[in-house]
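Subject: Structure for your files

Hello,

Here is the structure I said I would pass on. My notes on it follow below.

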Amino acid sequence: MKNVYFNHDGGVDDLISLFLLLQMDNIKLTGVSVIDADCYIEPATFASRKIIARFGDNKIETAMSKERGKNPFPKDWRMHAFFMDALPILNERQTLAPLAEQEAYQHLIDKVMAEPEKTTLLFTGPLTDLAKALQVEPAITEKIERLVWMGGTYLAEGNVHEPEHDGTAEWNAFWDPEAVGVVFKSSIAIDMVALESTLQVPLTTEVRQMWADERAFEGVDFLGVSYAMVPPLKHFATNSTYYLWDVLTTAALGNPDLVKSKVIQSNVITEGPAQGRTYEEENGRPVNVVYDVDREQFFEYITTLAKKI
Ligand code: AGV
Ligand code: CA
């Protein structure tokens, strides 16, 4: 059993990640927190508490972040949290897991310090709350097994298409580039699920059909309905094409055999038109970069988890 603390930013794949984490029997989820990045924080927090109440251990707390990023996410994407929170499957029983009193960064510190064993951090949004936690309580470093983060890329093309940016960054890094810098300066071991691997798991019509075929399973129906809100890859990739970014990251934590990784000495650009870009640099900070995934095994793994409820 691994202790895991999960910080996310309320997207469809963030919330599905929470659902799947709760089905993994090799993981003990010690706490959850939500940051106002690729979501609106109220519906994202309610959706998290409803998912925990319905599919998990109703004692797990959810904390809200008050941190703000440098570069805001598009509103259209942030709206997904409202749709998730409104799903009938999450509102049928009207139960809510507890809301934490602390802000997210303090909740993370408290949960990590309270465990006798080390904790693995899973971050599927920007690293802002971790950067703040490291500044407030540097001693958490010794209690952290590793950070598993969805973010960054070393490809020439990232997924940020915004005015005044050169397109080389990944969004979670772009939202708060300084936070990536702070975390890179720490001694925490980092597994980074970069765009190199997430590009291999687009949402497609075949994936949707596979879930539709098995919708008699409540958990598989939940996957299908959730991923009906976001556009698949059909003819060519656009700015809004959806990949299973965070779900791949969560699956890589639950079952490391699904992915391949290599160490890259890294740094991050924190200002100017390339801000948020992670790049290889001699004598840079070693990062364990997940660059490849067994696509078929991955979908098999998550669908099997979804059938467990
Ligand atoms: O860059 C990927 C990150 C992931 O954590 N997020 C979405 C995932 O939760 C930002 C993002 C990039 N492109 C997007 C995003 C899109 N087309 N729709 C919504 N979010
Ligand atoms: Ca996310």
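Alanine 212 counts as partly exposed, at 38% relative accessibility; buried stands for under 20% relative accessible area, exposed for over 50%, and partly exposed for what lies in between, with a 1.4 Å probe and protein chains only. Alanine 212 sits in helix α11 (residues 205-213), where helices are DSSP runs of H or I with at least four residues, strands are runs of E with at least two, and both are numbered from the N terminus. From its C-alpha atom to that of valine 225, 13 residues away along the chain, the separation is 9.0 Å.

Before the rest, some conventions. This is a predicted model, in which local features need pLDDT of at least 70 and side-chain atom pairs count only at pLDDT 80 or more, while totals for chains, interfaces and linings use all residues. Residues are numbered from 1 along each chain as its sequence is written, chains are lettered from A and ligands numbered from 1 in the order in which they are written, and side-chain values use heavy atoms, with hydrogens and water left out.

Calcium site

The calcium ion (ligand 2) is coordinated at 2.3 to 2.6 Å by Asp9 (OD), Asp14 (OD), Asp14 (OD), Thr124 (O) and Asp246 (OD). Donors here are N, O and S atoms within 2.8 Å of the metal (3.2 Å for Na, K and Ca), and sites may look incomplete because water is not among the atoms. Along the chain, the donors of this calcium ion have the spacing D-x4-D-x109-T-x121-D. Aspartate 9 is in the loop between β1 (2-8) and α1 (12-21), and threonine 124 is in the loop between β5 (119-123) and α7 (128-136), so this pair ties together parts 115 residues apart in sequence. Aspartate 9 is buried, at a relative accessible area of 1%, and threonine 124 is buried too, at 0%.

Threonine 124 also turns up among the contacts of methionine 150, a residue of strand β6 that is buried at 1% relative accessibility. Contact means heavy atoms within 4.5 Å. Not counting residues up to four places away in sequence, methionine 150 touches Phe123, Thr124, Gly125, Glu170, Asn172, Val193, Leu195, Thr198, Trp245, Asp246 and Thr249. Methionine 150 and glycine 125 are 25 residues apart in sequence, and 6.9 Å apart from C-alpha to C-alpha.

Helix packing and cores

What is the angle between α1 and helix α12 (residues 218-226)? The two pack at about 170°, with their axes 11 Å apart; axes are lines fitted to C-alpha atoms, for helices over the stretch in contact, and angles run from 0 to 180 degrees between N-to-C directions. The pair is therefore roughly antiparallel, on a scale where angles under 35 degrees count as roughly parallel, over 145 as roughly antiparallel, 65 to 115 as roughly perpendicular and the rest as oblique. Val12, Ile16 and Phe19 of α1 meet Gly219, Phe222, Leu223 and Ser226 of α12.

The largest nonpolar core has 58 residues, and Trp211, Phe222, Tyr227, Leu244, Phe298 and Ile302 have the most contacts inside it. Such a core is a set of buried Ala, Val, Leu, Ile, Met, Phe, Trp, Tyr and Cys residues joined through side-chain atoms within 4.5 Å. Its largest share, 7 residues, comes from α1. Isoleucine 302 touches Leu20, Trp211, Leu223, Leu244, Val247 and Ala251, leaving aside residues up to four places away in sequence. A second, separate core has 30 residues, including Tyr5, Ala133, Leu147 and Trp149.

In α7, the buried residues are Thr128, Asp129, Leu130, Ala131, Ala133 and Leu134. They pack against β1, α6 (104-114), β5, β6 (144-150), α8 (171-175) and α9 (177-185).

Loops

Two residues other than glycine have a positive phi. Glutamine 94, with phi near 50°, lies in the loop between α5 (88-91) and β4 (99-103) and is exposed at 75% relative accessibility. Asparagine 283, with phi near 60°, lies in the loop between β9 (278-280) and β10 (285-293) and is exposed at 72%.

Asparagine 26, in the loop between α1 and β2 (27-34), is partly exposed at 30% relative accessibility. Its C-alpha atom is separated by 4.7 Å from that of methionine 1, 25 residues apart along the chain.

Regards
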